[in-house]
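Dear colleague,

Please find the structure below, together with the findings that I would like to pass on to you. I would be grateful if you would read them alongside the sequence.

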Amino acid sequence: MKFLLNAEVDFFPSHDLSNNHPWLCIVASDDGKDFRFSLPQHIYKFILSFDSPTDIESLKLRDDFDGVDEDDWGKYSVLLHETLVPRGILLSESNGYLKPALIKGKPFYMQMQLRVFNKNAVNSISNPLQFFFNTKFISTVSFLAIITQLIFYFYYLKIDSSVFYLTSSEQIMTIALVGIGLLCHEFGHAVAAYKSGCRKVEIGVGWYVIFFVFYAELSESWRLKRKERLLIDFGGIYFQLIFTALLIAIVFKNDSPIILNAILMLNISFLWNLNPFFRMDGYWIVSDLLSVENLRGKCSKEFEIFLYSVINYCFRFDDNLRHSFNYKVLIYSCMANAFFFFMVYSISNSFFSYYATEVFNMISMFSFSQLLALPLMDAIVLVFGDLFKVFFVVFVFIFSFSFIKSFFLFIHRLFTMIFNSNPRTIP
């Protein structure tokens, strides 16, 4: 059977320094998104060999594959049938060299995803805003925004304010301002990506793990160099700083509790976004600083191999074990796992001590007549607050199930490595 390289597949030099994967393969999906795969040099060479309809038997006769033995040809065959053809990188003669249906959908770590701005709308807005990322403009505006923040906190320390002191109408307006600020954050990523040549960015809202978030679809940015990706990573923080600085300028003129609380909430989200252990800005910044694509996946693999090596050191069941660790990735992996288990404990404790009981009481005591008796704004705040609690409980259950499943799969992989130990280098 013959196979042919998909003409729609693009290859770019990879900037992933974590292992010997020098090529990035981009395959367009049918829903307008991209699949990306890191390829070692020998796999890249193998794929390019199908620039015209070719079968494996013909490749075996070529001089540039002289050093490949029968075991390796078997691995190439498995790779071809189980990965390269199903993912549309190579096309098969058996179905007339047609590309298979490829739907990427939402990322596995997003519980829910809803697009708000498609790529055309994002491009239209991003194009005239590119000047924000001129080097001198970034330096000046960032400096002024940071100074504004410092002045604000010096001033704010003298003010006693809390969102719980606000009326229902004021709470809605505060949340609306925060929402606009978070949307500006995502457009910061989008404008930086547009300046670097990305034209497929979409912006929407979703539920990540157990958090309601805005998101920007930036998978196209992986073809860019590290410096350009870092600019995109910081673009959201940069735009949010500008928006918050404008709010601070307003609050200096008018001590509005609405704007004051919006500033505080935006700054909390700003700090949370710098968290390097969830897939937020901090995570992508660390990923690009380390030049490691799919940092989470590589960390999981490195951590598994580390535990396997520790167990092997204690029980000596594989004396010939050899593996060189990427210590930067390993240290990050240990910190990420410690933080993750802390979050699981905190969320579980909060959930079982408060939210589960709160939602049960809310459902059992719900009354349309009492709701209708409330003022409109109070009713809106109550309904949306209760809906948020329900969503939180549902997604905690989904997250807990996924966590338990992942944990047992991790244990299974670890025991498989132990009981099927191979006296060679760990792959």
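**Findings**

L144 counts as partly exposed because its relative accessibility is 49%, where buried means under 20% relative accessible area, exposed over 50%, and partly exposed in between (1.4 Å probe, protein chains only). This is a predicted model, in which local features need pLDDT of at least 70 and side-chain atom pairs count only at pLDDT 80 or more, while totals for chains, interfaces and linings use all residues. Residues are numbered from 1 along each chain as its sequence is written, and side-chain values use heavy atoms, leaving out hydrogens and water.

L144 lies in helix 5; helices (H or I, at least four residues) and strands (E, at least two) are DSSP runs, numbered from the N terminus. With F143, I146, I147, L150, I151 and F252, L144 makes a nonpolar surface patch of about 670 Å². Patch residues have over 30% relative accessible area and no salt bridge, with nonpolar side chains (Val, Leu, Ile, Met, Phe, Trp, Tyr) joined within 5 Å and like charges within 9 Å. A salt bridge is a side-chain nitrogen of Lys or Arg within 4 Å of a carboxyl oxygen of Asp or Glu. Helix 5 (residues 135–156) gives the most to this patch, with 6 residues.

In helix 4 (residues 119–126), V122, N123 and S126 are buried. They cover an arc of only 100° around the axis, so they are on the same side of helix 4. N120 and S124, on the other side of helix 4, are exposed.

Strand 3 (residues 23–28) pairs with strand 4 in the antiparallel sense over 6 bridges; pairing requires that DSSP finds at least two bridges between two strands. A28 stands opposite D34 in strand 4.

Yours sincerely

Key
Areas by Shrake-Rupley, 256 points an atom, 1.4 Å probe, with all protein chains shown as cover. Arc of directions from axis to C-beta.
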